[in-house]
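Q: I have a chain open on my screen and would like to talk it through with you. Could you take my questions as they come?

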Amino acid sequence: IFQLIFALIIFGVLGYFLYKKVTNSDSVLNSAAKDVAKTVNVTDPDLTKTYDSDILPTDELLNNKNPLSVKMYADLKARYKSDFVELIKEIKESGAKPVLCWVTTEIGIAQTPVQYYGKLYIKELCAENGVEFNELGGPILVNLHDNTFMPKDGHFNKKGAKFIADFADGIIKRYPNVKSTKIYTAKERAEYFGDQLPNDDEILDGGKGLPYRLKTNKQGLRMGYDLNFPKKKRRILFMGDSEFFFPFLDNDGTAEGQLQARHPELEILNAANWGYSIDDYLSLWQERAKYSEPDVVLLQSSGTDITDLFFTNRMKYSRHREHIKPTDLEKKFYEALDKQAKK
């Protein structure tokens with residue numbers, strides 16, 4: 001009897017561990033959902049069709065000689081603009097200061113056409129909407145291999161994260177007196193402010209053999225303490241994709257972690273996540289992040305935020321992926337890409 005009880009306890013513990021690993025989007029056991037997945041399913045009104053999530057247009061969208069490419073890229077830019085304008089409006093209405101941070105490893109000689117033209121467009125949007133545009137550059141351009149996990153992975157290592165911490169620090173210091181004016185009651189406030197599993201503490205490696213420790217607070221933010229209300233310190237919110245999430249770094253090695261160590265008088269909030277784009281930043285703000293009552297919002301973006309709005313990518317990474325369906329234009333463009341890939 002005692003042996004049976006002991007075995008049941010062991011299986012229960014192992015079952016809970018596997019559940020935690022599989023349900024975490026960055027875990028090794030769940031890496032298929034991010035790194036290995038090849039197809040995703042979506043139900044159209046008239047049929048069920050399987051789409052290859054690896055078919056994601058990039059430079060093909062910049063072919064000005066192809067009317068379909070021109071139309072598709074214009075549509076994606078219009079979507080980006082719509083969500084960007086709404087997000088900036090809502091952040092400003094809260095009294096917080098939104099700042100655009102252009103952060104990508106595809107810089108310098110590694111800059112792609114998508115990044116180049118995407119930057120021009122997003123920079124124009126910032127100017128039109130009164131948003132400060134800041135581009136990561138300087139010494140980090142000299143040798144990306146020293147500042148990333150290349151050749152294993154292209155994300156920033158601890159040294160690269162320090163460059164970004166310095167970059168963000170300079171921005172934060174320009175707004176010492178900015179304070180949000182929106183205060184939520186306990187009844188109004190959402191339970192979570194970020195999309196990470198709350199109260200998480202585990203070792204991950206994303207299937208890359210680069211182990212790191214992920215710790216979150218009870219509000220689903222990647223930070224080591226909970227936020228209390230009414231707040232007593234100024235809050236700096238980081239919203240972005242993996243360039244602000246910093247996979248393969250422990251919390252204290254991320255730019256946010258390094259900034260928190262420098263500025264105990266501030267609360268540095270990391271709400272970034274893998275694969276997010278402008279549609280995710282907007283819905284995350286509306287549903288969760290705004291309730292943290294941030295004073296300055298550092299919004300990370302790059303040119304791929306535009307192309308990433310294509311439906312095959314959104315069905316893979318969107319916060320609301322279950323609701324993503326291709327438009328008629330996207331179906332047509334997908335079919336053209338699929339046909340080209342099979343030649």
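Q: To start, how many helices and strands are there in the protein chain?
A: This is a predicted model, and its protein chain holds twelve helices and nine strands.

Q: And how much of the chain counts as buried?
A: Of the 343 residues, 52% count as buried, while the protein chain exposes about 16700 Å², with carbon and sulfur atoms supplying 56% of that area.

Q: Switching to helix pairs, at what angle do the axes of α3 and α12 cross?
A: The axes of α3, residues 67-93, and α12, residues 328-341, cross at roughly 130 degrees and come within 10 Å. That angle makes α3 oblique to α12, and the crossing of α3 past α12 is left-handed.

Q: Which residues meet there?
A: From α3 the residues are L68, S69, K71, M72, D75 and R79, and in α12 they meet L329, E330, K332, F333 and A336. By type, the residues of this contact divide into five nonpolar, one polar and five charged.

Q: Last one, what share of the contacts with a separation of 6 or more comes from residues 24 or more positions apart?
A: In the protein chain, such residues account for 74% of those contacts.

Methods: Residues are numbered from 1 along each chain as its sequence is written. This is a predicted model: local features need pLDDT of at least 70, side-chain atom pairs count only at pLDDT 80 or more; totals for chains, interfaces and linings use all residues. Side-chain values use heavy atoms; hydrogens and water are left out. Axes are lines fitted to C-alpha atoms, for helices over the stretch in contact, and angles run from 0 to 180 degrees between N-to-C directions. Helices (H or I, at least four residues) and strands (E, at least two) are DSSP runs, numbered from the N terminus. Angles under 35 degrees count as roughly parallel, over 145 as roughly antiparallel, 65 to 115 as roughly perpendicular and the rest as oblique. A crossing is left-handed if the near helix is turned anticlockwise from the far one by less than a right angle, and right-handed if clockwise. Contact means heavy atoms within 4.5 Å. Ala, Val, Leu, Ile, Met, Phe, Trp, Tyr, Cys and Pro count as nonpolar, Asp, Glu, Lys and Arg as charged, and the others, Gly among them, as polar. Buried means under 20% relative accessible area, exposed over 50%, partly exposed in between (1.4 Å probe, protein chains only). Accessible areas come from the Shrake-Rupley method with a 1.4 Å probe; for residues, only the protein chains shown count as cover.
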